[in-house]
Amino acid sequence: MTTAQTAARTTGRIGENAQRPDGTLKVTGEFAYASDLWHDDMVWGVTLRSPHPHARIRRIDVTEALTVPGVSAVLTADDVPGENAFGLEHADQPVLAAEFVRYEGEPVALVAADHPETARRAAARIRVDYEVLPALTDARRALDDDAPLVHPGGNLVRHLRLRRGAERPTAPVVVSLDFEVGMQDQAFLGPESGLAVPAEDGGVDLYVATQWLHVDQRQICLALGMPPEKVRLTLAGVGGAFGGREDLSVHVHACLLALRTGRPVKMSYGREESFHGHVHRHPATMTYEFGAECDGTLVYARAHVLLDGGAYASSTAAVVGNAGTLGLGPYRFPSVAVDAYGVFTHNPPCGAMRGFGCVQAAFAHEALMDELAAAVGVDPVEIRRRNGVQEGDRNITGQVIDSAAPVAELLQRVADLPLPPALPEQPDLRDLPGAVGNTTHGEGVRRGVGYSVTYKNVGFSEGFDDYSTARVRLQVTGGEAVATVHTAAAEVGQGLVTVQQQIARTELGVEQVVVVPADTAVGSAGSTSASRQTYVTGGAVKAACEAVRTAVLQRAAIALGRPVAGLALDGDKVVGAGGEVLAGLADVLGDDAVEETVEWRHRPTHAVDPETGQGDAHVQFAFSAHRAVVDVDTELGLVKVVALDTAQDVGKAINPDAVVGQIHGGSAQGMGLALMEEVVVTDGHVRNPSFTDYLLPTVLDVPPMRVEVLEYADPHAPYGVRGVGEPPTISSGPAVAAAVRAACGKPLRRVPIRPEHITCT
Amino acid sequence: MRVTTTVNGTERTADDVWPGESLLHLLRERLGLPGAKNACEQGECGSCTVYLDGEPVCACLVAAGQAVGREVTTVEGLAPGQSLHPVQEAFVEAGAVQCGFCTPGLVVAAHDLLARVPEPSDPEIREALAGNLCRCTGYEKILDAVRLAARRRATR
Ligand code: FES
Ligand code: FES
């Protein structure tokens, strides 16, 4: 008994490697992902999408589609009962295209049928008469006077202008470059899916894979013309997200079909449709210039960043905000002039992806820091160390960085890690670029090492009301204290379910913590993005647990006739200051449950000044550094990443193993963008919407990764936590690109780096 | 058409199967076994890996009709009842599961590797898992899981 209790005290609290509560279900195949859902009597929904990047819809004829046996509904824009519009920041995107299509893949019509193949065949029989219009597919032309307009209000989504310090600074050393970043896909493995079930009250219940239930609900209600009580969402199992599930996909469509047919409707995209069905990372065109003293101390920066937002606004304005306010990296700049633009084009819409605007900018500022290092004759680590921000410094928006900013230490940590051994005389083919393709036996192979350090805001910025809600209940069931945690926060794989359990165990002293499915029956938790959930929903769960604990101890104090101070909860007992047992929790609570719901907010952030971009825009900054080691076959342009090591400050690791897992995964995604991942779009058409042609890093591509975790608690955050998920995706790619440059000596001003960029053929 | 096949040791029959349907669709949508996953249905990700007569295959690339009269083993059938196979245990313990969408396919692939090569080297593990994409983990903890499962097997 005693042993068991001792064991319970050391498992699963914060700071420990608690195991995921859904782990067993996931390894046995029993975890219900959105695409696994099934309902008696359900039908399948499919989407007909535009083949053109820009066209006017003259007429849609659904007659033939309706005659296909097994079809139960065919819907077009005319069938949208509410407003035919949705969008995260601006409702500018039609649920189903009405007059115009503005990108290839835009949804035009829906079909429900008893078999997915029947639905697809029927969709192919819908006749859409398009008048093809000239498409704007080059973002650099978007703001020209003669550019085709994507929306009547013009092609500018946002211009962030940032000015600080001297107006016309000069410096003895000046370096500059142009840089381009291709379009990356989130490529979460679980395809967009959902099941909509019509309800007896005339409303609908939607089970869907998403990142933010309440923002979905708001948009669905608008399109359905229904109040929130009628549109209830429950999170279905999510197979990864990385930003690609912030915007709606199947949501409204499945609900429309369910309400029309009166039957449950399942929608699940295939991979090709998935490439068209979610936003991507913005491609970027950037021009940067840094001025410095002869010893490399930075004097000024000028930067021009252009992000291709594609056809609809999505979260482009916020991405521009990040690319502008954070786009020079974690360095001290006395004078700054940054202009960041997001524009509309007829390319696929772009929006959120892990790293959110910082990823693109990091490739440019890190490449330029290496240029500067070379120009003044110091090494890449030293140039960054000399210029890196420290706690108490102001960043380029004038905001004081008021917790740890260990730029120099992070770099030192990765620099101090042992380097991988050189290739032996007769290397194993599998260790070479090209591997068993047998393209080299070592000849022409050069090794390169690259460094990068970056930072990222955590949480929503620029004055957004960024809160989360948690409901926590404590009761004694079957003689055991059980805490139940209910939030609407989306678990997408990152491990928030585990973190919620760990926090409740820590705060309430219980062992059994049940995290119930996330749904809209509780208040909003905000988005699972911006590395914010451990901080914000973690903060809400902690606060709700504290409220429950206070309520329980107040009851105990009355029952025991003692002051509340000095009482604590420990498992199913109320204990005194010395740990002595004073009462059983069951004696205090009886059959009652104590339940508290708390809405929790972090410190407010503020909009930046529209003229100068100055202001306290962000609530927290998270820093990471990478060192990449690569072998490059300089004759064929093939790259083998040999090592990719990270150092990151996480404030406090609530679950150290999960933190390291996030850093591994984030690093691999950054490496993917540096070397292979690009949605190729020409003339507005996606050329590679498949895993055959869109290359993702495999286990043969990703090298061993060492991770150094630093824990400098942020005094403003619950437990001192700092967001973890995004920083490694930002700093890994630039380190890989730098290593390839170091190996082959080419400037490489575009990612992903292709073989022909290395061989210049 | 009618398809009769043995799945996880039990004979199963499905009627009105469309000839173009994959084994993956048959398992997931007709036989109530959604363990094998549908990340690409293009033969590129390995999330749908199952055994067909003891050979690991991408179920999305096998027509349902090809499974007639043959034996299919899915991730649901690797261990009896509520128990976990050591490979499954190792995935949980090593933290190799994040979103888990790749996990069933990787578990089957690792299960197959360890049945063939009880003590695989790292390059052997990497080669064996090269057909299975994971977007979340960067593979490090998946490698840990396979090493752990191999060690456990060796000591049992
Ligand atoms: S679903 Fe079969 S290989 Fe991807
Ligand atoms: S754990 Fe998400 S894809 Fe592997």
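A:Ala187 is found in the loop between strand S8 (173-181) and strand S9 (193-198) of chain A. Helices (H or I, at least four residues) and strands (E, at least two) are DSSP runs, numbered from the N terminus. A:Ala187 is not a glycine, yet has a positive phi of about 50 degrees. A:Ala187 counts as buried because its relative accessible area is 0%; buried means under 20%, exposed over 50%, partly exposed in between, with a 1.4 Å probe and protein chains only.

This is a predicted model, in which local features need pLDDT of at least 70 and side-chain atom pairs count only at pLDDT 80 or more, while totals for chains, interfaces and linings use all residues. Residues are numbered from 1 along each chain as its sequence is written, chains are lettered from A and ligands numbered from 1 in the order in which they are written, and side-chain values use heavy atoms, with hydrogens and water left out.

**Backbone**

Most residues other than glycine have a negative phi, and most peptide bonds are trans. A:Ser314 has a positive phi of about 40 degrees. The loop that holds A:Ser314 runs between strand S15 (298-308) and helix H8 (316-325) of chain A. With a relative accessible area of 3%, A:Ser314 is buried. A cis peptide bond joins A:Val751 to A:Pro752, with omega near -5 degrees. A:Pro752 sits in the loop between strand S31 (750-751) and helix H17 (755-759) of chain A.

**Domains**

Chain A is assigned domain 1 (11-16 + 467-601) and domain 2 (404-459 + 609-761); such bounds come from an automatic or database domain assignment. The C-alpha centres of these two domains of chain A lie 38 Å apart. Their contact takes 18 residues from domain 1 and 22 residues from domain 2, where contact means heavy atoms within 4.5 Å.

**Cavities**

A cavity is a set of points, on a 1 Å grid over the protein atoms alone, where a 1.4 Å probe fits but cannot get out; lining residues have an atom within 4 Å of a point. Points are joined across faces, edges and corners, and a volume is the space filled by probe spheres set on the points. The count comes to five cavities of 30 Å³ or more.

| Cavity | Volume | Lining by class |
|---|---|---|
| Largest | about 620 Å³ | 18 nonpolar, 17 polar, six charged residues |

The largest cavity has 41 lining residues; closest to its centre are A:Gln494, A:Ser531, A:Gln662, A:Val724 and A:Gly725. Helix H12 (496-508), helix H13 (533-560) and helix H15 (656-675) of chain A each supply at least two lining residues. Domain 1 and domain 2 of chain A each give at least three residues to this lining.

The second largest cavity is lined by 18 residues, and A:Phe86, A:Gln93, A:Tyr103, A:Leu248 and A:Gly277 are the closest to its centre. Helix H6 (251-261) and helix H7 (271-277) of chain A give two or more residues to that lining.

**Cysteines**

The structure holds zero disulfides over all chains; a disulfide is a pair of cysteine sulfur atoms within 2.5 Å. For A:Cys221, the nearest cysteine sulfur is that of A:Cys255, 9.1 Å away. A:Cys221 counts as buried at 10% relative accessibility. B:Cys102 is also buried, at 5% relative accessibility.

Note on methods. 1 Å grid on protein atoms, 1.4 Å probe; cavity = no way out; pocket = protein on both sides within 12 Å on 5 of 7 lines; lining within 4 Å. Nonpolar A, V, L, I, M, F, W, Y, C, P; charged D, E, K, R; others polar.
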